[in-house]
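Biologist: Could you take me through this one, starting with the overall layout and then going on to individual side chains?

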Amino acid sequence: MSLRRFVAALLLLAPLPAALGQDALPRNVRILVTGTSERTASQQGVEAAGSGRVGDVRIGAGRFPPERGVVVRGTASRSRSRDETRQELLVMSGGRAEIVVATEVPYADWFQAWGQGYGLWQPGIRWKEVGARMVVEPIVVNDDTLRVRLTPAFSYLVDGRSLTTAVTQLSTEVVAREGQEIDLGGVPFSDRQFLEKFLVGFDQSGETVQARITLKASID
């Protein structure tokens, strides 16, 4: 047997490296996203009631009219509403998925000025329908540990074109156990003011609400 055929035979008999075997296939990560928002509404008002007599007839107006004269009362009430949404994402280890934080951000002008300072977009850009997203990139470390990279991003319209810009300057990584809850508000981003404004959106009535978004990852 020639040396060339002998080497070829050895290559055919040698086991495949683990990197080429089935164990090296990327694993899937299932991410449960829970978003909750609370809004407290306060209402204040003034009401008046009075009464008087016309002859022997007593005439009253308003709620709870007094025996005589006019009474002015102040009223105040407070109500609290809570909304919760859930979505499930399936992403390959090393892949990426996006979470919608807010379909429209209340602080678009603030973010525009902030981004210009970092060269994310040109001064004077006229963007519309600015939404906030969080890019999630999970990596399976072992059977019960994940490393999750989080990057804020904005989606918006400029001259009718739909664009997306990732704020890679604020990308951060957290290590979590499988099933451990990750609260985006507690992630150690380098700019806390940015994060606080980033997690604010509008509710259906147009009021600003602070959102609490949590992630819980499991390995398939």
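Modeller: What follows goes from the fold to one threonine and then to the salt bridges. This is a predicted model, in which local features need pLDDT of at least 70 and side-chain atom pairs count only at pLDDT 80 or more, while totals for chains, interfaces and linings use all residues. Residues are numbered from 1 along each chain as its sequence is written, and side-chain values use heavy atoms, with hydrogens and water left out.

Biologist: How many helices and strands are there in the protein?

Modeller: The protein has 3 helices and 11 strands, where helices (H or I, at least four residues) and strands (E, at least two) are DSSP runs numbered from the N terminus. Along the sequence they come in the pattern α-β-β-β-β-α-β-β-β-β-β-α-β-β.

Biologist: And what share of the residues counts as buried?

Modeller: Of the 220 residues, 34% count as buried, with buried meaning under 20% relative accessible area, exposed over 50% and partly exposed in between (1.4 Å probe, protein chains only).

Biologist: Now threonine 151, where is that found?

Modeller: Threonine 151 is in strand E6, which covers residues 145–158, and it is buried because its relative accessible area is 5%.

Biologist: Which side chain does the side chain of threonine 151 make a polar contact with?

Modeller: That of serine 171, at 2.7 Å; a polar contact is a pair of N or O atoms within 3.5 Å, where within protein one must be able to donate a hydrogen and the other to accept it, and residues adjacent in sequence count only if both atoms are side-chain atoms.

Biologist: Changing topic, how many salt bridges does a search of the whole structure find?

Modeller: The search finds 10, a salt bridge being a side-chain nitrogen of Lys or Arg within 4 Å of a carboxyl oxygen of Asp or Glu. One of them joins the side chains of arginine 27 and aspartate 143, at 2.8 Å from N to O. Arginine 27 lies in the loop between helix H1 (3–13) and strand E1 (28–54), and aspartate 143 in the loop between strand E5 (127–142) and E6, so this pair ties together parts that are 116 residues apart in sequence.

Biologist: Is aspartate 143 buried or exposed?

Modeller: Aspartate 143 is exposed, at 57% relative accessible area, whereas arginine 27 counts as partly exposed at 32%.

Biologist: Which residues are linked in a network of salt bridges?

Modeller: The network links Arg30, Glu88 and Asp220. Within it, the side chains of arginine 30 and aspartate 220 meet at 2.7 Å, N to O.
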